[in-house]
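Hi,

Here is the structure I promised to pass on. Have a look, and my notes follow below.

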Amino acid sequence: MNTEVKKILENFIHSTLQKNLLELGAIKKCEIVNHHLTINLTMPFAWQSTFEELKKITTPKLLKLNSVNEVDWHIEYKIATLKRANNQNAINNIKNIIAISSGKGGVGKSSTAVNLALALQKQGAKVGILDADIYGPSIPTMLGTENQQPLTPDNKHMTPIMAYGLASNSIGYLVDPNGAMVWRGPMASKALLQILQDTLWPELDYLVIDMPPGTGDIQLTLAQNIPVTAAVIITTPQDIALIDAKKGITMFNKVNIPTLGIIENMSYHICEHCGHHEAIFGEGGAKHLAKQYQTKLLGQIPLQKMLRQDLDTGKPTVINHPDSEFSQLYYQIAGNIASELYWQGEAILPDIAFKTL
Ligand SMILES: Nc1ncnc2c1ncn2[C@@H]1O[C@H](COP(=O)(O)OP(=O)(O)OP(=O)(O)O)[C@@H](O)[C@H]1O
């Protein structure tokens, strides 16, 4: 590799990189032919927006070199399969499972889960979402798929419902909304595990699971029995939500599932008229909580009418307003999640993780 090019690539520093691109082994080709530089990268975690930054920052530097007058960038993803908590068996075709959880209902767990799943996809990954929220399965409405039902080609397995490239399954596709509310205890956790296992998931780098809110028996049984890689806790800034978020972290600790971090939703309100930011539910709580439990504050999402309106029409903001500042926030948080998962985890061979039906 040309030493000057190498130096420029080595010097690219970013919060998603704990090693530089060369140490990570991400540069698969770096070749100059007739002043034409070709750089091929292979990344083990979803990284598309940082790749765009890399190009923007380093291309002008590379073009200043005498030996280069054109730069051609390529990226491909071979997302690493990371060791699951408690060495559980993998679900067929799924590399990594991320549980999105909240100690308390109504904090925006499902809204965040669906936008993050779509944002992970935009970051270059193959993604699915499982709505395990038995109390109020809202993902079908948020994806605009509430009138669809999974097919059962062999009367045992289900084909997931595809929406915006996401593979989804939900208890909401299978029972009517009123029926879902009466599910209790072992029956609910058993049904959810069955949905997870009996869905014919396509090959997925990440499956996002929208967990039922709370920290009771159902949540504990699920956390224990799903081969989760790591959990993310959603909270709002109110004291009451933060107290419950603590219970969530404690629950995951109890079953040895690492908490990747906390996302604070409805963090502040942006005035539609003057753009003023107001922390109506209080300030600093999630940051303090993350510090106290030695985990990260992965991001803060404002209270914003557009986020709710987009979900109500079945087109989450990441799809309906992909260039908005709110979508940028979701991309950033998704990038943080993918990189944190990789750096905190231990890569294992995918063929060990995969089992056949
Ligand atoms: N940042 C936000 N700005 C505006 N509205 C939001 C925001 N986050 C969530 N909402 C709205 O708040 C309501 C509750 O959100 P959501 O269903 O995601 O919460 P939840 O924690 O999953 O709830 P439950 O525990 O009942 O399943 C929804 O109408 C959603 O559109």
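In what order do the 3 strands of the open sheet come? The order is β1-β2-β3, and the pairing is mixed. (Strands are DSSP runs of E with at least two residues, helices are runs of H or I with at least four, and both are numbered from the N terminus; two strands pair if DSSP finds at least two bridges between them.) β1 (27-33) and β3 (70-77) are the edge strands, each pairing on one side only. On average, neighbouring strands of this sheet are turned by 10° against each other, direction ignored.

Before going on: this is a predicted model, where local features need pLDDT of at least 70, side-chain atom pairs count only at pLDDT 80 or more, and totals for chains, interfaces and linings use all residues. Residues are numbered from 1 along each chain as its sequence is written.

Back to the sheet. β2 (residues 36-43) runs parallel to β3, with 8 bridges, and H36 has E70 in β3 as its bridge partner. Across β2 and β3 lies helix α3 (residues 48-63), at about 155° to β3 (axes are lines fitted to C-alpha atoms, for helices over the stretch in contact, and angles run from 0 to 180 degrees between N-to-C directions; contact is C-beta atoms, placed from the backbone, within 7 Å).

Then there is Y164, in the loop between β7 (161-163) and β8 (166-170). Leaving aside residues up to four places away in sequence, Y164 touches L118 and I319. Its C-alpha atom is 9.6 Å from that of Q121, 43 residues apart along the chain.

As for the complex, the predictor gives an ipTM of 0.96 and a pTM of 0.93.

Cheers

Technical notes. Two residues are in contact if their C-beta atoms, placed from the backbone, lie within 7 Å.
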